[in-house]
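The sequence and the structure come first, and the description follows.

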Amino acid sequence: MKAITANRLIDGEVVFWKSGQWVDRFGDAQLFDDHHAADVEAAVATGKGQPTVVVDVYPIDLVQSEGRWVPLSYRERIRALGPSNEPTHGKQAEGGDVIEALRHAAGAARSTGRVDLIRRK
């Protein structure tokens, strides 16, 4: 599975593609099946066609963790949580199941090999 992400120009926030528009939360992102590469390419092209709205449009790979789809890359998990690692700031302050799943997701980070994330109790 894949999702499309970018950075919004007006405030630098990470945004995700959903049915022709950009949404703030990863949990609201449109998921693309790996077998439909043309759909991913079309969404990326449409997103790149909005140069006054976003920058750096690209697809990210997803993996299932604890029954939810989360970004495969550790870097993308951090981006999906928002601009801060402080739980009272940004998207993390909104809470919810998706934020909790992203915070505690274990898995692979492509840039450094296999990484086991430390789970908070």
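## Basis and overall figures

Accessible areas come from the Shrake-Rupley method with a 1.4 Å probe, and for residues only the protein chains shown count as cover. On that basis the accessible surface of the chain comes to about 7100 Å², of which 51% belongs to carbon and sulfur atoms. The model is a predicted one, in which local features need pLDDT of at least 70 and side-chain atom pairs count only at pLDDT 80 or more, whereas totals for chains, interfaces and linings use all residues. Residues are numbered from 1 along each chain as its sequence is written, and side-chain values use heavy atoms, with hydrogens and water left out.

Of the 121 residues of the chain, 36% count as buried, a term that stands for under 20% relative accessible area, with exposed meaning over 50% and partly exposed the range in between (1.4 Å probe, protein chains only). When contacts (heavy atoms within 4.5 Å) are taken between residues at least 6 apart in sequence, 56% of them join residues at least 24 apart.

## Elements and strand pairing

The chain holds three helices and seven strands, where helices (H or I, at least four residues) and strands (E, at least two) are DSSP runs numbered from the N terminus. Their order from the N terminus is β-β-β-α-β-β-α-α-β-β.

Strands are taken to pair if DSSP finds at least two bridges between them. Strand 1 (residues 2-8) runs antiparallel to strand 4 (residues 54-65), to which six bridges join it, and Ala 3 has Ile 60 as its bridge partner in strand 4. Strand 1 is also joined by three bridges to strand 2 (residues 14-18), again in an antiparallel arrangement, with Thr 5 opposite Phe 16 of strand 2. The hairpin of strand 1 and strand 2 has five residues between the strands, and Gly 12 in this hairpin takes a positive phi near 80 degrees.

## Nonpolar cores

A nonpolar core is a set of buried Ala, Val, Leu, Ile, Met, Phe, Trp, Tyr and Cys residues joined through side-chain atoms within 4.5 Å. The largest one has 11 residues, namely Ile 4, Ala 6, Val 15, Trp 17, Trp 22, Phe 32, Val 40, Ala 43, Val 44, Val 54 and Val 57. Strand 1, strand 2, helix 1 (37-48) and strand 4 each supply at least two residues of this core, and helix 1 gives the most, with three residues. Apart from this core lies another, of nine residues, among them Ala 3, Phe 16, Ile 60 and Ala 80.

## Aromatic pairs

The structure holds two aromatic pairs, the rule being that rings of Phe, Tyr and Trp (its six-membered ring) pair if their centres lie within 6.5 Å, with planes under 30 degrees apart counted as stacked, over 60 as edge-to-face and the rest as tilted. The rings of Phe 16 and Phe 26 have centres 5.5 Å apart and planes at 75 degrees, so this pair is edge-to-face. Phe 16 belongs to strand 2 and Phe 26 to the loop between strand 3 (21-23) and helix 1, 10 residues apart, and both residues are buried.

In the pair of Trp 17 and Trp 22, the ring centres are 4.8 Å apart and the planes lie at 75 degrees, so it too is edge-to-face. Trp 17 counts as buried at 4% relative accessibility, and Trp 22 is buried with a relative accessible area of 15%.
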